[in-house]
Amino acid sequence: ETWLRYALKRQEFEVYYQPKQTLMTGRIAGAEALIRRCHPEQGYISPGRFVPLAEETGLIVPIGEWVLRTVCEQSARWRQQGLPPVQISVNLSSVQLNQPNLCQTLERILQEVDLPAHYLELEVTETALMQDVDSALRLLHQFKDQGIQVALDDFGTGYASLGYLRELPIDTLKIDTCFVRGIAQDPKNQVILRRIIALAHDLDLAVVAEGVEQAEEMEILKSYGCDAIQGFWVGIPMQAGDLVQHF
């Protein structure tokens, strides 16, 4: 806990951005914000090491707020520079979803940096939502009332039934990497992807496929009508200055 507090105080955390490509136009129209930590002696430390600890100790709350503010400030700067509109996604953990003042924090940050709410997308996983469905539904409706976009992350790998798709006030389904990897050689995954994309579109939801690493995977997803893709084929997580070169 002390180690993480020092990292936050000494500004050792950084935000990287993994671009999302819109398949219809080929344009980079969004990115997912990913936290990194650069230790002065050990170098870059995997989020897999410090994020679980941050969630366990509750420090994910101040760290998460720092990420939200950093992302919103960056988006506001791009907007002021007259760059094409780019929506940035930020992941929320179950701990953050349980914050009683989360919506107020978001509203304050957006107002202070002068950023329209639709430039921000919040990603939540099925697993996090299912811990307290009623509270999660109320919270997601509050996000929507604020004008913030909401994405259901890792779709198909959690515990939510299809019935919840009728109730969840979301804008986007993010298909997990496990359904995309090796799709060209996996007829079953091809069927699953086609059905998920069709279902999402029938529910007026956008679809983003994660983990795309090959042109062949991109072409298959494009033929299925997938809206956008994310993965190493599009671009690795990068600093804000590098992401601008892809706009």
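This is a predicted model: local features need pLDDT of at least 70, side-chain atom pairs count only at pLDDT 80 or more; totals for chains, interfaces and linings use all residues.
Biologist: Why are helix α5 and helix α7 called roughly parallel to each other?

Modeller: Helix α5 (residues 102–113) and helix α7 (residues 133–146) pack at an angle of about 20°. Angles under 35 degrees count as roughly parallel, and α5 and α7 are therefore described in that way. Their axes are 10 Å apart, and α5 passes α7 in a right-handed crossing.

Biologist: Which residues of α5 and α7 make the contact?

Modeller: On α5 they are L102, C103, L106 and E107, and on α7 they are L139, Q142, F143 and Q146. By class, this contact has 5 nonpolar, 2 polar and 1 charged residues.

Biologist: What makes α3 roughly parallel to α5?

Modeller: The axes of helix α3 (residues 60–80) and α5 cross at roughly 30°. The limit for the term is under 35 degrees, and that makes α3 roughly parallel to α5. The two axes come within 9 Å, and the crossing is right-handed.

Biologist: Which residues make the contact between α3 and α5, and how many belong to each class?

Modeller: From α3 the contact draws on E65, L68, R69, C72, E73, A76 and Q80. From α5 it draws on T105, L106, R108, I109, L110, E112 and V113. The classes are 7 nonpolar, 2 polar and 5 charged residues.

Biologist: Turning to the aromatic rings, how many pairs are there?

Modeller: The count comes to 5 aromatic pairs. One of them is formed by F13 and F50.

Biologist: What makes the pair of F13 and F50 tilted?

Modeller: A pair of aromatic rings is described by the distance of the centres and the angle of the planes. For F13 and F50 the distance is 5.5 Å centre to centre, with 50° between the planes. Centres within 6.5 Å define a pair, and planes under 30 degrees apart would be stacked, over 60 edge-to-face and the rest tilted. The pair of F13 and F50 is accordingly tilted.

Biologist: Where do F13 and F50 lie?

Modeller: F13 is in strand β1 (residues 13–22) and F50 in helix α2 (residues 47–57). The pair links distant parts of the chain, 37 residues apart. F13 and F50 are both buried, and together with W66 they form one aromatic cluster.

Biologist: Why is the pair of Y16 and Y44 called edge-to-face?

Modeller: The planes of Y16 and Y44 stand at 80° to each other, and the centres are 6.2 Å apart. An angle over 60 degrees is edge-to-face, and centres within 6.5 Å count as a pair. Y16 lies in strand β1 and Y44 in strand β3 (residues 43–45), so the pair ties together parts that are 28 residues apart in sequence.

Biologist: How do you know whether Y16 and Y44 are buried or partly exposed?

Modeller: Buried means under 20% relative accessible area, and partly exposed lies between that value and 50%. At 14%, Y16 counts as buried. At 47%, Y44 counts as partly exposed.

Biologist: Why does Q149 count as partly exposed?

Modeller: The relative accessibility of Q149 is 22%, and buried would require a value under 20%. Q149 is found in strand β6 (residues 149–155). Leaving aside neighbours within four places in sequence, its contacts are Q87, H118, L120, E121, L122, K144 and D171.

Biologist: Why is D171 called buried?

Modeller: D171 has a relative accessible area of 17%, and buried means under 20%. D171 is found in the loop between β6 and β7 (172–175). Beyond four places in sequence, D171 touches K144, I148, Q149, V150, L205 and A206.

Biologist: What makes the phi values of Q11 and D204 worth a remark?

Modeller: Phi of Q11 is near 55°, a positive value in a residue other than glycine. Phi of D204 is near 65°, also a positive value in a residue other than glycine. Q11 lies in the loop between α1 (2–9) and β1, and D204 in the loop between α9 (187–202) and β8 (206–209).

Biologist: Why are Q11 and D204 called exposed?

Modeller: Exposed means over 50% relative accessible area. Q11 is exposed, with 69%, and D204 counts as exposed at 70%.

Terms used: Residues are numbered from 1 along each chain as its sequence is written. Side-chain values use heavy atoms; hydrogens and water are left out. Axes are lines fitted to C-alpha atoms, for helices over the stretch in contact, and angles run from 0 to 180 degrees between N-to-C directions. Helices (H or I, at least four residues) and strands (E, at least two) are DSSP runs, numbered from the N terminus. Angles under 35 degrees count as roughly parallel, over 145 as roughly antiparallel, 65 to 115 as roughly perpendicular and the rest as oblique. A crossing is left-handed if the near helix is turned anticlockwise from the far one by less than a right angle, and right-handed if clockwise. Contact means heavy atoms within 4.5 Å. Ala, Val, Leu, Ile, Met, Phe, Trp, Tyr, Cys and Pro count as nonpolar, Asp, Glu, Lys and Arg as charged, and the others, Gly among them, as polar. Rings of Phe, Tyr and Trp (its six-membered ring) pair if their centres lie within 6.5 Å; planes under 30 degrees apart count as stacked, over 60 as edge-to-face and the rest as tilted. Buried means under 20% relative accessible area, exposed over 50%, partly exposed in between (1.4 Å probe, protein chains only).
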